[in-house]
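Reader: I would like to go through this model term by term. Please set each value against its definition.

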Amino acid sequence: MTEPILQVKDLSLFYGKKQSLFDINMVFYPGEITALIGPSGSGKSTLLRSINRMNDLVPSAKVTGEIIYKERDVYSSKTDIVVLRKEIGMVFQQPNPFPFSIYENVVYGLRLKGIKDKAILDEAVEESLKAANIWDEVKDILHSSALGLSGGQQQRVCIARVLAVKPDILLLDEPTSALDPISAGKIETMLLELKEHYTILIVTHNMQQASRISDRTAFFLDGKLIEYNQTKKIFLDPQEQSTSDYVTGKFG
């Protein structure tokens, strides 16, 4: 069985006195897409933001339990949060390109690392935009503002910006909800291609999208993990395997 790249163990999260996640246990494997589904406020995005410690930005947030990545709890005092967020990159619901050129958006993280070599930056831009399935659309306007692109194009540039720093895991919080069906379809196609090289977690309200692109699906309700299994079993034969079997890693 393939070793998991990420494990969530007995994770609970509180915003002040309000508990938003309850004893979540999950494992995630390399080269797979996991869809997190459930109604609004069920804990999907909260879990996603816990994985790369985005919830640290909320003063009232308190986490118990563990999230194990590279054999270490990400909430350990030894964790370098900047490195963590490079290795576990996040794409948000609304496209959020910086008010720079397309080129400068993609190389932003590399420049922060001190990389100045133009040849390296040029290569990263081309590779990342190709991986994000947008190179052919923007290769002749790389030095134009990313804000001038359509919403779907902006979202793919944001994904390219994350890919440029070569993460291990991609977290996507409803990346297609603000897009038209054609743009959403391009994102789905891109994710299916990317999963060969990344572990992908995607929050979605669209069950059809989950059934189309994910290998595993987790259903959340009121901050609790209700079911977690192979997508084909949840959507086609939900009674065949128990949630607890997969949560403990029986299904590799």
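Reader: What makes the four strands an open sheet, and in which order do they lie?

Author: The order is β2-β1-β4-β5, with antiparallel pairing. The edge strands, β2 (18–28) and β5 (72–73), each pair on one side only. Strands here are DSSP E runs of at least two residues, helices are H or I runs of at least four, and both are numbered from the N terminus. This is a predicted model: local features need pLDDT of at least 70, side-chain atom pairs count only at pLDDT 80 or more, and totals for chains, interfaces and linings use all residues. Residues are numbered from 1 along each chain as its sequence is written, and side-chain values use heavy atoms, with hydrogens and water left out.

Reader: How do you know that β4 and β5 pair?

Author: Pairing takes at least two DSSP bridges between two strands. Strand β4 (residues 61–69) and β5 have two bridges, in the antiparallel sense, so they meet that definition. The bridge partner of Y69 is R72, in β5.

Reader: What does α1 touch on the sheet?

Author: Helix α1 packs against β1 (6–15), β2 and β4. Its direction makes about 115 degrees with that of β1. Contact means heavy atoms within 4.5 Å. Angles run from 0 to 180 degrees between N-to-C directions, and axes are lines fitted to C-alpha atoms, for helices over the stretch in contact.

Reader: Why is helix α1 called mostly covered?

Author: Six of the eight residues in α1 (residues 44–51) are buried. They are K44, T46, L47, L48, S50 and I51. Buried means under 20% relative accessible area, with a 1.4 Å probe and protein chains only. R53 follows α1 and has a positive phi, near 65 degrees.

Reader: Why is Q209 called buried?

Author: Its relative accessible area is 2%. That is under the 20% limit, so Q209 counts as buried. Q209 is in helix α8 (residues 207–213). Leaving out residues up to four places away in sequence, Q209 touches T176, E188, I202, T204 and S214.

Reader: What joins the side chains of Q209 and T204?

Author: A polar contact of 2.8 Å. The term needs a pair of N or O atoms within 3.5 Å; within protein, one must be able to donate a hydrogen and the other to accept it, and residues adjacent in sequence count only if both atoms are side-chain atoms.

Reader: Which residues meet where α3 and α6 pack?

Author: I102, N105 and V106 in α3 meet V157, A160 and R161 in α6. The axes of α3 (residues 102–112) and α6 (residues 151–163) are 7 Å apart, at an angle of about 35 degrees.

Methods: Buried means under 20% relative accessible area, exposed over 50%, partly exposed in between (1.4 Å probe, protein chains only).
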